Amino acid sequence: MIDEEKKAYMKKYRRDNLYLHNQYQKWWIRINPEAARAIRKRWNEKNKEKKRAGYLAIKEYPEVRDCEFEGCTNIGHRHHPDYTKPLLILWLCLQHHKSEHNRLLEGGVVI
Ligand SMILES: [Zn+2]
Ligand SMILES: [Zn+2]
């Protein structure tokens, strides 16, 4: 397959898949309205918690610190190991922050 063809194919493939996924989701929501509502509610609550935690952490620790990873001297970001504890934060640089989130995701922790 030449490049142009390949690109067009991938574009179509992605669009079709997205369409199927959306259709499936709509169908699922229609037959599970209660569960869908509960999921949406939980997501909203989690998001609210997340936003609130971020806001409180910036208020409490306005100055930027270095990454807490041993030997790392990059600028840190505020990472929340637990969003229900907004003032408990770890300073992690972009790279270590990413790998920490990946680690948590692999462990089945949704953040
Ligand atoms: Zn984080
Ligand atoms: Zn780091």
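The model is predicted; the protein averages a pLDDT of 90, and 96% of the residues score at least 70.

Student: Where is confidence lowest in the protein, and where is it highest?

Tutor: Confidence is lowest in helix 1, residues 3–31, at a mean of 87, and highest in strand 2, residues 90–92, at 97.

Student: Which pattern does the protein follow along the sequence?

Tutor: The protein has 3 helices and 2 strands, and read along the sequence they follow the pattern α-α-β-β-α.

Student: What makes the protein more spread out than a compact globule?

Tutor: The globule rule gives 13 Å for 111 residues, whereas the radius of gyration of the protein is 20 Å; that value is well over the rule, so the protein is more spread out than a compact globule. Along the principal axes, the C-alpha atoms fill a box of roughly 50 × 45 × 25 Å.

Student: How is the protein divided into domains?

Tutor: Domain 1 covers residues 1–46 and domain 2 covers residues 63–111. Their C-alpha centres lie 30 Å apart.

Student: How do you know what span helix 1 should have?

Tutor: Helix 1 has 29 residues, and at 1.5 Å a residue it should span 42 Å; its end C-alpha atoms are 42 Å apart, so the two values agree.

Student: What does the same reasoning give for helix 2?

Tutor: Helix 2, residues 33–60, has 28 residues and should span 40 Å at 1.5 Å a residue; the distance between its end C-alpha atoms is 40 Å, which agrees.

Student: Why is helix 1 called hardly covered?

Tutor: A buried residue needs 20 or more other C-beta atoms within 10 Å of its own. The count of buried residues among the 29 residues of helix 1 is 0, and helix 1 is therefore hardly covered. Helix 3 is also hardly covered, with a count of 0 among its 13 residues, and helix 2 is hardly covered with a count of 1 among its 28 residues. Of the 111 residues of the protein, 6% count as buried.

Student: Where is leucine 88 placed, and which residues does leucine 88 touch?

Tutor: Leucine 88 is in the loop between strand 1, residues 77–79, and strand 2. Not counting residues up to four places away in sequence, leucine 88 touches Pro81 and Asp82. The C-alpha atoms of leucine 88 and asparagine 32 are separated by 37 Å, the two residues being 56 residues apart along the chain.

Conventions
Residues numbered from 1 in each chain as written. Chains lettered and ligands numbered in written order. Predicted model: local features only at pLDDT ≥ 70, side-chain atom pairs only at ≥ 80, totals over all residues. Domains from an automatic or database assignment. pLDDT = per-residue confidence, 0-100. Helix = DSSP H or I, 4+ residues; strand = E, 2+ residues; numbered from the N terminus. Rg over C-alpha atoms; globule rule 2.2 N^0.38 Å. Buried ≥ 20, exposed ≤ 12 C-beta atoms within 10 Å, placed from the backbone. Expected span 1.5 Å × (residues − 1). Contact = placed C-beta atoms within 7 Å.
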